[in-house]
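Here is a short briefing on how one protein chain packs. Keep the structure open as you read.

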Amino acid sequence: MGGFFVYILFINTEKMRSIKRRFTNEQDKSPELSSFINFGTAIKSQRFSKDMIHRWFNKLVDKEDYQKSDKNEILKHLVSISNPEDN
């Protein structure tokens with residue numbers, strides 16, 4: 001059982017690093033764009049889970065880049081662009 005848990009933890013950690021790594025690469029390539037735009041580009045068609053997108057959005061995207069009242073709709077849109085074949 002312990003090995004299975006470690007394996008699942010490893011998969012989740014890799015996805016977390018992957019979002020952050022992809023976002024950092026986008027920020028480096030296009031620093032003139034907002035963190036919101038670069039985050040969307042980083043997750044596009046990558047099949048990240050809703051929870052991962054929400055968690056990393058809160059950590060990486062500058063709160064000045066979007067209206068707080070629009071946050072729920074923005075997150076729904078980000079989930080849909082990360083998982084386009086689910087729509």
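Predicted model: local features only at pLDDT ≥ 70, side-chain atom pairs only at ≥ 80, totals over all residues.

Helix 2 and helix 3 run roughly antiparallel to each other.

- Leu78 is in contact with Phe36, Phe39, Gly40, Ile43, Ile53 and Phe57, leaving aside its neighbours within four places in sequence.
- In soluble globular proteins, nonpolar side chains tend to be buried together.

**Helix 2 against helix 3**

- The two axes, of helix 2 and helix 3, come within 11 Å. They cross at roughly 150 degrees.
- An angle over 145 degrees counts as roughly antiparallel, so helix 2 and helix 3 fall in that class.
- The crossing of helix 2 and helix 3 is right-handed.
- From helix 2, the contact uses Ser35, Phe36, Phe39 and Ile43. From helix 3, it uses Ile53, Trp56, Phe57 and Leu60.
- Helix 2 spans residues 35-43. Its buried residues are Ser35, Asn38, Phe39, Gly40, Ala42 and Ile43.

**Loop between helix 2 and helix 3**

- Most residues other than glycine have a negative phi.
- Ser45 is not a glycine, yet has a positive phi of about 60 degrees. Ser45 sits in the loop between helix 2 and helix 3, just after helix 2.
- Ser45 is partly exposed, at 43% relative accessibility.
- Arg47 also is not a glycine and has a positive phi of about 60 degrees. Arg47 lies in the loop between helix 2 and helix 3.
- Arg47 is partly exposed, with a relative accessible area of 39%.

- Is Ser82 buried or exposed? Ser82 is buried, because its relative accessible area is 0% and the cut-off for buried is under 20%.
- Ser82 lies in helix 4.
- A polar atom of the Ser82 side chain lies 2.9 Å from the backbone nitrogen of Phe48.
- Leaving aside neighbours within four places in sequence, Ser82 is in contact with Ile43, Lys44, Ser45, Gln46, Arg47, Phe48 and Ile53. Two of these, Ser45 and Arg47, have the positive phi noted above.

Definitions and conventions:
Residues numbered from 1 in each chain as written. Heavy atoms only, no water. Buried < 20%, exposed > 50% of the residue type's maximum accessible area, 1.4 Å probe, protein only. Helix = DSSP H or I, 4+ residues; strand = E, 2+ residues; numbered from the N terminus. Contact = heavy atoms within 4.5 Å. Polar contact = N/O pair within 3.5 Å; in protein donor to acceptor, adjacent residues only side chain to side chain. Axes fitted to C-alpha atoms, helices over the stretch in contact; angles between N-to-C directions. Parallel < 35°, antiparallel > 145°, perpendicular 65-115°, else oblique. Left-handed = near helix turned anticlockwise from the far one by under 90°.
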